[in-house]
Amino acid sequence: MSDVLFSFKGVAKAPLNDLNFTIGHNEKIILFGPSGAGKSSTLFLFNRLKDPDQGKIEFMGKPIETYNITELRKQVGLVLQSPNLFPGTVKDNIKYGPSLFGEWKEEDGKKLLEYVQLPGSYLDRDVDQLSGGEQQRVSLARTLANSPKVLLLDEPTSALDYRTAEEIEEVLECLIEEQKLTMVMVTHNMNQAKRLGERGLFIHDGRIVEDGRIPDMLDHPETDALKEFTQE
């Protein structure tokens with residue numbers, strides 16, 4: 001089996017231009033750069049929330065557009081900045097994905113909540129009664145319910161207070177390790193990038209201008225753009 005999970009070749013979609021990179025199994029990737037550089041736009045190409053105008057994206061050796069979109073999103077799960085839960089109970093939310101594929105088992109509910117460090121008693125709680133941090137945990141559990149290979153994270157802690165953000169970070173760290181997930185995360189928090197990521201893709205003006213190990217990139221930037229970014 002090839003070690004390459006994702007391959008981007010000459011991919012363009014405004015504001016992005018000529019993206020060329022590969023991502024291997026179990027990599028922990030951080031997409032970072034100034035506001036408006038195209039970080040979230042890049043992230044959304046991985047599960048076809050956006051499609052490129054040019055170039056080719058492959059997932060596990062096959063063109064990404066040849067996958068059924070529901071199947072693709074099952075394998076490539078996305079957690080957004082805001083939890084984006086639908087009305088109903090915690091259980092209604094986390095069983096939704098597996099139910100589409102006839103894969104929901106009642107015993108999975110408590111196990112999923114355990115993964116995100118919430119008590120099983122929360123299954124019957126209405127999501128409107130939960131705090132922001134609890135809702136983000138449920139959002140994570142809902143994504144994990146599909147047994148994804150890849151976890152896409154779009155600034156998953158930026159809407160949370162510092163303490164809650166730290167707790168979510170710890171949950172993420174354990175999950176990624178335990179479930180052997182490949183992670184691609186957008187963050188503007190460079191301390192978080194160093195804690196959770198290993199490899200960085202620095203995006204500036206819609207292009208990847210540096211690709212390397214995060215500590216090296218931040219300590220020894222090779223381009224003026226990254227130098228400026230680290231000094232801000």
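Student: Which element gives the most to the lining of the largest pocket?
Tutor: Strand 6 does, with four residues. This is a predicted model, in which local features need pLDDT of at least 70 and side-chain atom pairs count only at pLDDT 80 or more, while totals for chains, interfaces and linings use all residues. Residues are numbered from 1 along each chain as its sequence is written, and side-chain values use heavy atoms, with hydrogens and water left out.

Student: What makes something a strand or a helix?
Tutor: Both are DSSP runs numbered from the N terminus: a helix is H or I over at least four residues, a strand is E over at least two.

Student: What makes a space a pocket, and what makes a residue part of its lining?
Tutor: On a 1 Å grid over the protein atoms alone, a pocket is an open set of points with protein on both sides within 12 Å along at least five of seven lines. A cavity, by contrast, is a set where a 1.4 Å probe fits but cannot get out. Lining residues have an atom within 4 Å of a point. The largest pocket has 21 of them, and Arg73, Leu78, Tyr96, Arg142 and Asn146 lie nearest its centre. Two or more lining residues come from each of helix 2 (69-75), strand 6 (76-79), helix 3 and helix 5.

Student: How much space lies in the largest pocket?
Tutor: About 550 Å³. That volume is the space filled by probe spheres set on grid points, which are joined across faces, edges and corners.

Student: What is noted about the phi of Arg48 and of Ser147?
Tutor: Arg48 has a positive phi of about 65° although it is not a glycine, and Ser147 has a positive phi near 50°. Most residues other than glycine have a negative phi. Arg48 is in the loop between helix 1 (39-45) and strand 4 (54-59); Ser147 is in the loop between helix 5 and strand 7 (150-154).

Student: How do you know where the buried residues of helix 3 lie around its axis?
Tutor: The buried residues of helix 3 (90-100) are Val90, Asn93, Ile94, Gly97 and Pro98. Seen down the axis, they fall within an arc of 125°, so they line one face of the helix. The arc is that of the directions from the helix axis to the C-beta atoms. These residues pack against helix 4 (108-115) and helix 5 (132-144), where contact means heavy atoms within 4.5 Å.

Student: What makes strand 1 and strand 2 a pair?
Tutor: Two strands pair if DSSP finds at least two bridges between them. Strand 1 (4-13) and strand 2 have six, in the antiparallel sense, so they pair. Val11 stands opposite Leu19, and Ser7 has Thr22 as its bridge partner. A hairpin of two residues joins the strands; Pro15 lies in that loop, and a cis peptide bond with omega about 5° joins Ala14 and Pro15.

Methods: Buried means under 20% relative accessible area, exposed over 50%, partly exposed in between (1.4 Å probe, protein chains only).
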